[in-house]
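Please look at the sequence and the structure first, then read on.

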Amino acid sequence: MPLSFIVFDDADLDQAIVGAKGAKMRNMGEACIAANRFIVHESVAEEFTDKMVEMMSGLVVGDGLDERSEVGPMITERDREKVDGLVRLAVEAGATARCGGEIPEGKGWFYPPTVLSGVPADAEIMQTEIFGPVAPITTFSTEEEALAIANSVPVGLAGYVFTGDTARILRMGQELETGMIGANLGVFSNAAAPFGGVKESGLGREGSYQGIEEFLETIYVAFQA
């Protein structure tokens, strides 16, 4: 699902990078709540991108059985080809590969951690689930524009918002069309919290008391004394 990671101009960018690493690179991006597209305010986009490139290019790619490895192979060759195809289409549409972006030589279905800047908001990579170690970055100028980009897809499992403005976080909670939001957090899953989405991301919740209710049967008894 094309989950959005929104970075506002008042965000702590170092905190946002820590969050981005957790949100994007868990299981090499092959996770249902992995951040898919990075929507960054134009005034901090270059600094954020530089920090993303430094973080992503510094990750160690290698055999998953090697404890030194931070990024292992993708699950199948077909999945790697899909990711590579999305990257190539984005570059053809005007994006720039700031790191990664090429299938490495050698055995295994590896794909390098990749950062794309200048990605058009309507590029295919921004509209579909990447499910791989690629971070496409697009920019916005107003809160309304960020919401329009984030809400432009028919799914809404989760989203990430980084800002120093508590009132904005509350607005995002109302306006962002997702079932879950990580506010200044890149990893928010918790067994005690409800897990689930809106729109085409499904109905119902796992976890918390809402999840327990899915396993119960409600019995209605109507009687008159």
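This report goes from the core to the aromatic rings, the salt bridges, the backbone and the surface.

The model shown is predicted.

**The core**

In soluble globular proteins, nonpolar side chains tend to be buried together. Which residues sit at the centre of contacts here? The largest nonpolar core has 34 residues. Within this core, Phe-5, Phe-38, Val-40, Phe-48, Met-52, Met-56 and Tyr-160 touch the most other members. Several elements each supply at least two residues of the core. The strands are E1 (3-7), E2 (35-41), E5 (134-140) and E7 (158-162). The helices are H1 (13-25) and H2 (45-57).

Take Met-56 as an example. What does Met-56 touch, leaving out residues up to four places away in sequence? Its contacts are Lys-24, Met-25, Cys-99, Pro-113, Thr-114, Val-115, Pro-133 and Ala-135.

There is also a second, separate core. This second core has 14 residues, among them Met-74, Ala-90, Leu-116 and Ile-130.

Helix H2 also holds Thr-49. Is Thr-49 buried or exposed? Thr-49 has a relative accessibility of 2%, so it counts as buried. The cut-off for buried is under 20%. Leaving out residues up to four places away in sequence, Thr-49 touches Arg-98, Val-115, Ser-117 and Ile-137.

**Aromatic rings**

A pair of aromatic rings is described by the distance of the centres and the angle of the planes. How many aromatic pairs does the model have? The count is six. In one of them, the ring centres of Phe-5 and Phe-38 are 4.8 Å apart. The planes of these two rings meet at 40°, so the pair is tilted. Phe-5 belongs to strand E1 and Phe-38 to strand E2, so the pair ties together parts that are 33 residues apart in sequence. Both residues are buried.

Ring pairs also build a cluster. Its members are Phe-5, Phe-38, Phe-48, Tyr-160, Phe-162 and Phe-188. Phe-5, Phe-38, Phe-48 and Tyr-160 were also named above for their contacts in the largest nonpolar core.

**Salt bridges**

The model has eleven salt bridges. Three of them are set out here.

| Asp-14 | Lys-51 | 2.9 Å |

Start with Asp-14 and Lys-51, which form a salt bridge. Asp-14 lies in helix H1 and Lys-51 in helix H2, so the bridge ties together parts that are 37 residues apart in sequence. Asp-14 is partly exposed, at 48% relative accessible area. Lys-51 is partly exposed too, at 24%.

Is Arg-68 buried or exposed? Arg-68 is exposed, with a relative accessible area of 63%. Asp-66, at 25%, is partly exposed.

Glu-177 lies in the loop between helix H6 (166-175) and strand E8 (180-183), and Lys-199 in strand E9 (residues 198-199), so the pair ties together parts that are 22 residues apart in sequence. Glu-177 has a relative accessibility of 35% and counts as partly exposed. Lys-199 is partly exposed, with a relative accessible area of 35%.

Salt bridges can also form a network. Here, one network links Asp-10, Glu-143, Arg-168 and Arg-171.

**Backbone**

Asn-27 is not a glycine, yet its phi is positive, near 50°. Asn-27 is placed in the loop between H1 and E2. Its relative accessibility is 49%, so Asn-27 counts as partly exposed.

Ser-208 is not a glycine either, and its phi is positive at about 55°. Ser-208 is placed in helix H7. With a relative accessible area of 19%, Ser-208 is buried. Buried means under 20%.

**Surface**

Which residues make a nonpolar surface patch? Ile-219, Val-221 and Phe-223 make one of about 420 Å². Val-221 lies in the segment after helix H7 (208-213). Val-221 is exposed, with a relative accessible area of 61%.

Methods
Residues are numbered from 1 along each chain as its sequence is written. This is a predicted model: local features need pLDDT of at least 70, side-chain atom pairs count only at pLDDT 80 or more; totals for chains, interfaces and linings use all residues. Side-chain values use heavy atoms; hydrogens and water are left out. Patches are made of residues with over 30% relative accessible area and no salt bridge: like charges are joined within 9 Å, nonpolar side chains (Val, Leu, Ile, Met, Phe, Trp, Tyr) within 5 Å. Accessible areas come from the Shrake-Rupley method with a 1.4 Å probe; for residues, only the protein chains shown count as cover. A salt bridge is a side-chain nitrogen of Lys or Arg within 4 Å of a carboxyl oxygen of Asp or Glu. Helices (H or I, at least four residues) and strands (E, at least two) are DSSP runs, numbered from the N terminus. Buried means under 20% relative accessible area, exposed over 50%, partly exposed in between (1.4 Å probe, protein chains only). A nonpolar core is a set of buried Ala, Val, Leu, Ile, Met, Phe, Trp, Tyr and Cys residues joined through side-chain atoms within 4.5 Å. Contact means heavy atoms within 4.5 Å. Rings of Phe, Tyr and Trp (its six-membered ring) pair if their centres lie within 6.5 Å; planes under 30 degrees apart count as stacked, over 60 as edge-to-face and the rest as tilted.
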